[in-house]
Amino acid sequence: MTKKIKLSELGSLFGGIDVQALEGVKIEGDVEIDLGQLGMNPQMAYALGHETAQLALHLMNISRILGYPVDQMLGAAPAKPARLSKLIESRFSVGKIEEWKTPIQEVVLGATSSDGGTRKSTITLGGETALPYYFDGPMPHRNHITMDVFDMPINMAKAVKSNYEDVINSPAEWAKKVVRDFGADMVTIHLISTDPNIKDTSPAEAAKTVEEVLQAVDVPIVIGGSGNPEKDPAVLEKAAEVAEGERCLLASASLNLDYARIAEAAKKHNHVVLSWTQLEINAQKELNRKLMKQCGVARENIIMDPTTAALGYGLDYAYTNMERIRLAGLSGDMELNFPMSSGTTNAWGAREAWMVSSPLKEDSDWGPREYRGPIWEIITGLTLSLAGNDLFMMMHPTAVQVLKEITQTLYGGKESEPVNIDNWVAAVI
Amino acid sequence: MKLNSPLQVYKYLPQINCAECGDATCMAFAAHLIDRSKKLDDCPPILKDEYKKKYTELQTLLAPEIREITIGTGEHARRIGGDDVLYRHQLTFFDPTAFAYDVWDTMPEAELVERINKITNFRKFYVGKFLRVDMVAVRCVSGDALKFAGAVKKASETTKLPLILCSFDPAALKAALEVVKDKNPLIYAATEKNWGEVAELALNYKVPVVLFSPDLDKLKSLALTFREMGIKDLVLDPGTYPQGKKLKETFERFIMLRRAGIKEGQKDIAYPIMAVPLNAWLVYKDAVTASYWETVLSSVFTVRYGDIMILHSLEPYAMLPEVHIRDTIYTDPRTPVKVAPGVNEVGSPTKDSPVIVTTNFALTYYTVESDLSSNKINCYLAAVDTDGIGVEAAVAGGQLTAAKIKDTFQKANFDFKDKTSHGTLILPGLAARLQGDVEDVTGLRVMIGPPDSGRIPGWMEKNWPPKPK
């Protein structure tokens with residue numbers, strides 16, 4: 001058999017296959033390899049005969065085996081690469097990110113008696129000078145968790161509800177429980193009964209619930225409306241009034257309601273505004289700008305909620321939206337460099353978090369839902385913490401505990417016994 | 001890659017607009033090379049002699065910053081690395097993190113087979129596809145090379161998934177490689193101590209190899225040394241400490257390595273990075289706690305630059321979030337997430353079949369569609385154009401309205417009198433507040449379905465066919 005291959009064709013022959021064997025080989029000129037001249041026997045010719053793509057590779061290898069100086073002929077490295085007897089010394093180094101010059105605004109939640117409030121302590125968010133847990137600059141404050149309390153019994157996933165059955169009719173007791181038993185840094189009181197389509201509780205009545213919660217716990221609080229854009233301004237105005245001077249977080253001002261009233265209430269009674277937009281960085285800029293320029297809200301009184309979507313249900317948008325906002329803020333966008341808050345509880349909307357089993361017969365077994373729910377909430381929150389989120393609104397005690405553990409570990413606040421990983425391969429698990 | 005505009009790429013192309021690549025012009029093809037939706041070898045003319053030099057140059061310029069490495073063979077072969085950006089919105093991340101779950105050579109054979117089958121068969125339906133896991137990592141726990149090779153042999157007979165051979169003992173790795181030398185396994189690992197012998201194996205068997213050292217100076221040293229010896233398919237394991245300050249440092253090492261590779265173009269360490277969330281089991285013995293922490297570590301390093309990882313827990317509550325967070329991070333932010341608006345048939349609907357409304361957000365639509373088809377519910381499913389927004393948000397934001405719903409059926413020429421015997425439309429439970437409006441605007445009878453489409457089968461049993469008015 002005589003089969004000629006131009007070396008210059010090798011490149012195209014290798015198109016679809018692993019080309020590592022030829023890397024570093026410089027082919028110049030119009031050299032040809034003639035298999036016939038290499039004394040190819042019929043068996044080999046058969047082995048080479050069918051696949052043109054493999055042919056060239058085999059050709060090289062076999063020629064080498066036969067002692068034909070293929071590599072020298074190609075002007076390539078010697079067939080046997082140099083064996084080194086000792087490691088090449090080296091130092092690794094990497095620079096810091098120069099663009100991150102603008103710190104995130106620091107915002108204090110809660111006020112103690114010396115500042116006109118009644119909270120025992122305050123919480124500061126923001127102040128970062130790099131992406132979270134990065135080494136480029138200090139992260140002065142850890143992440144914080146505020147746990148949800150509702151002003152009426154609501155539908156909850158079973159795994160969540162079992163923790164609150166004893167307090168479900170008393171927001172004050174509920175608030176005490178999350179602080180005392182579950183380690184909540186803050187409490188969010190959601191005044192959902194004010195929704196005209198639910199109970200249409202009056203703003204004055206709802207404000208009483210806020211007072212009860214403020215008396216029940218001494219941590220800073222978030223005051224949430226029902227999400228009804230017509231009713232929320234009145235509800236939050238009244239709540240802001242009874243919580244005068246406490247530096248509560250008013251949730252929320254948004255572009256689809258009269259945000260100016262909420263801004264005004266915050267200014268008048270010394271609270272912080274939660275600037276809430278739906279997964280749109282430009283809308284977030286616009287609302288922040290309006291709050292500052294049009295409503296005169298001071299920078300130290302703004303926190304953003306760019307919206308949290310659950311793992312598997314749009315978390316990719318929520319994550320990237322937050323990451324872009326944080327990067328823009330660090331790089332000097334003064335309309336976006338505010339601390340962020342996440343409604344992490346939204347994770348429970350994912351069917352994987354609460355459904356008994358998969359509705360799809362084709363899926364592998366989903367296993368017990370009691371374990372799926374909390375981890376869904378954890379991973380949703382954890383992902384956003386890596387994008388720059390500061391404050392997490394959460395529901396499940398285990399989720400709170402684990403999210404605290406990992407965020408504080410990455411923050412640098414957790415010591416541990418040394419663990420030897422040198423021979424993890426042989427570990428008996 | 002070193003080029004960032006189609007014009008720069010165009011200079012290297014034949015510029016003859018032959019359209020053999022499927023694009024009408026070389027400029028259009030250049031744009032596809034930039035966004036990496038096509039490969040240079042899709043251009044037949046440039047493979048010819050006369051363009052050899054330009055082909056070679058362009059190939060180098062187009063190569064991703066992080067080296068792309070293939071593990072395994074055939075249809076289950078998996079590429080890792082290949083990234084060009086630090087943040088997904090800057091382009092997209094390529095080659096999703098490969099998940100390898102472990103088995104070990106001291107397991108009884110039946111358990112090993114069962115475990116591998118579980119790994120191989122795991123699947124979770126999501127947006128028109130199944131999420132799966134990728135590899136099996138075989139750990140040498142016995143310290144016995146022959147026993148290890150036996151386990152590797154059994155593993156390779158049981159699954160077509162790529163294998164990672166894990167041992168710090170070169171003799172054990174060699175014995176295992178003999179068994180699977182044609183399967184392109186990844187070998188784990190070369191260290192400061194054994195590197196010479198492991199390098200020899202990587203050269204002789206032509207397999208990709210992991211370098212392990214939590215000391216980045218040493219890790220770079222190893223990478224340089226292997227590269228110098230002609231071994232390019234490297235994976236870096238900077239050590240995954242499961243707890244405390246050491247975990248924080250681990251996180252920082254991942255950031256440093258990837259930043260050096262992509263932002264600073266340090267080719268010497270621009271290789272895929274391996275994480276070992278399995279190390280959670282070194283500190284937690286309780287299965288739930290360990291699985292939870294392992295999932296947490298896995299998520300951290302899926303978000304921040306892990307290209308391949310070794311995991312242990314096969315609990316669904318660990319695997320489900322793991323595959324979902326990977327999909328979250330690696331979903332291409334450039335692809336539209338909408339389906340075409342219209343009225344589609346699911347199964348073979350008749351006049352008595354229900355007509356169900358949802359939005360054109362791809363996730364919502366595919367979820368509803370798969371819930372219906374999986375449960376063999378024949379029906380019409382209308383995708384209303386909500387700009388790709390889900391039901392709840394679209395109702396709140398005014399993208400899902402009675403007028404839009406009416407419009408959808410009109411544009412599809414769907415006449416309820418013609419197509420149905422019941423003149424009834426089913427709204428999603430989360431759009432219940434539109435019921436009155438839709439009744440007024442369409443004149444149809446409107447029923448409210450469940451808030452989650454997974455509950456449609458149960459809902460149908462109770463509510464369908466609708467009782468006569």
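Modeller: Let's open with the rings. Trp100(A), Tyr133(A), Tyr134(A) and Phe251(B) are linked into a cluster by ring pairs. Keep in mind that this is a predicted model.

Biologist: Give me one. How are the rings of Phe150(A) and Trp174(A) placed?

Modeller: Their centres are 5.9 Å apart and their planes sit at 50 degrees, so the pair counts as tilted. Stacked would need under 30 degrees, and edge-to-face over 60.

Biologist: Which parts of chain A does that pair tie together?

Modeller: Phe150(A) belongs to strand β5, residues 144-150, and Trp174(A) to helix α6, residues 171-180, so the pair joins parts 24 residues apart in sequence.

Biologist: Are Phe150(A) and Trp174(A) buried or exposed?

Modeller: Buried, both of them.

Biologist: Stay on α6(A). Which of its residues are buried?

Modeller: Pro171(A), Ala172(A), Trp174(A), Ala175(A), Lys177(A) and Val178(A). Note the lysine in that list, Lys177(A).

Biologist: And what covers the buried residues of α6(A)?

Modeller: The cover includes β5, β6 (186-190) and α7 (203-216), all of chain A. β5 is also the strand that holds Phe150(A).

Biologist: Zoom out. What is the secondary structure of chain A?

Modeller: It comes to 14 helices and 12 strands. Of the 429 residues in chain A, 57% are buried.

Biologist: What share of the contacts in chain A comes from residues 24 or more positions apart?

Modeller: 69%, taken over contacts with a separation of 6 or more.

Biologist: Switch to chain B. How do the rings of Phe125(B) and Phe130(B) meet?

Modeller: The centres are 5.4 Å apart with planes at 75 degrees, so this pair is edge-to-face.

Biologist: Buried or exposed, those two?

Modeller: Phe125(B) has 18% relative accessibility, so it counts as buried. Phe130(B) has 28%, so it counts as partly exposed. The cut-off for buried is under 20%.

Biologist: Which charged end sits over the ring of Phe130(B)?

Modeller: That of Arg123(B), 4.7 Å from the ring centre. Another case is Arg36(B), which lies over the face of Phe94(B) at 3.5 Å from the ring centre.

Biologist: Now the interface. How many residues are in contact between chain B and chain A?

Modeller: 103 residues of chain B touch 92 residues of chain A.

Biologist: And what area is buried between them?

Modeller: About 8700 Å². Carbon and sulfur atoms give 63% of that area.

Biologist: Why quote an area at all?

Modeller: Because interface size is often given as the accessible area lost when the parts come together.

Biologist: How many salt bridges cross the interface of chain B and chain A?

Modeller: The rule finds 9. One salt bridge joins the side chains of Asp217(B) and Arg91(A), at 3.0 Å from N to O.

Biologist: What about polar contact between chain B and chain A?

Modeller: There are 38 residue pairs in polar contact, with both residues at pLDDT 80 or more.

Biologist: Which elements of chain B supply the side that touches chain A?

Modeller: Those with at least two residues there include β4 (124-126), α7 (195-205), α8 (216-228) and α10 (287-303). α9(B) gives the most, with 11 residues.

Biologist: Where do Arg247(A) and Lys376(B) lie?

Modeller: In loops. Arg247(A) is between α8 (232-242) and β8 (249-254) of chain A. Lys376(B) is between α12 and β15 (379-384) of chain B.

Biologist: Buried or exposed?

Modeller: Arg247(A) is at 12% relative accessibility, so it counts as buried. Lys376(B) is at 70%, so it counts as exposed.

Terms used
Residues are numbered from 1 along each chain as its sequence is written. Chains are lettered from A and ligands numbered from 1 in the order in which they are written. Side-chain values use heavy atoms; hydrogens and water are left out. Rings of Phe, Tyr and Trp (its six-membered ring) pair if their centres lie within 6.5 Å; planes under 30 degrees apart count as stacked, over 60 as edge-to-face and the rest as tilted. Helices (H or I, at least four residues) and strands (E, at least two) are DSSP runs, numbered from the N terminus. Buried means under 20% relative accessible area, exposed over 50%, partly exposed in between (1.4 Å probe, protein chains only). A charge sits over a ring if NZ of Lys or CZ of Arg is within 6 Å of the ring centre and within 35 degrees of the ring normal. Contact means heavy atoms within 4.5 Å. Buried area is the accessible area (1.4 Å probe) that two parts lose on being put together, summed over both. A salt bridge is a side-chain nitrogen of Lys or Arg within 4 Å of a carboxyl oxygen of Asp or Glu. A polar contact is a pair of N or O atoms within 3.5 Å; within protein, one must be able to donate a hydrogen and the other to accept it, and residues adjacent in sequence count only if both atoms are side-chain atoms.
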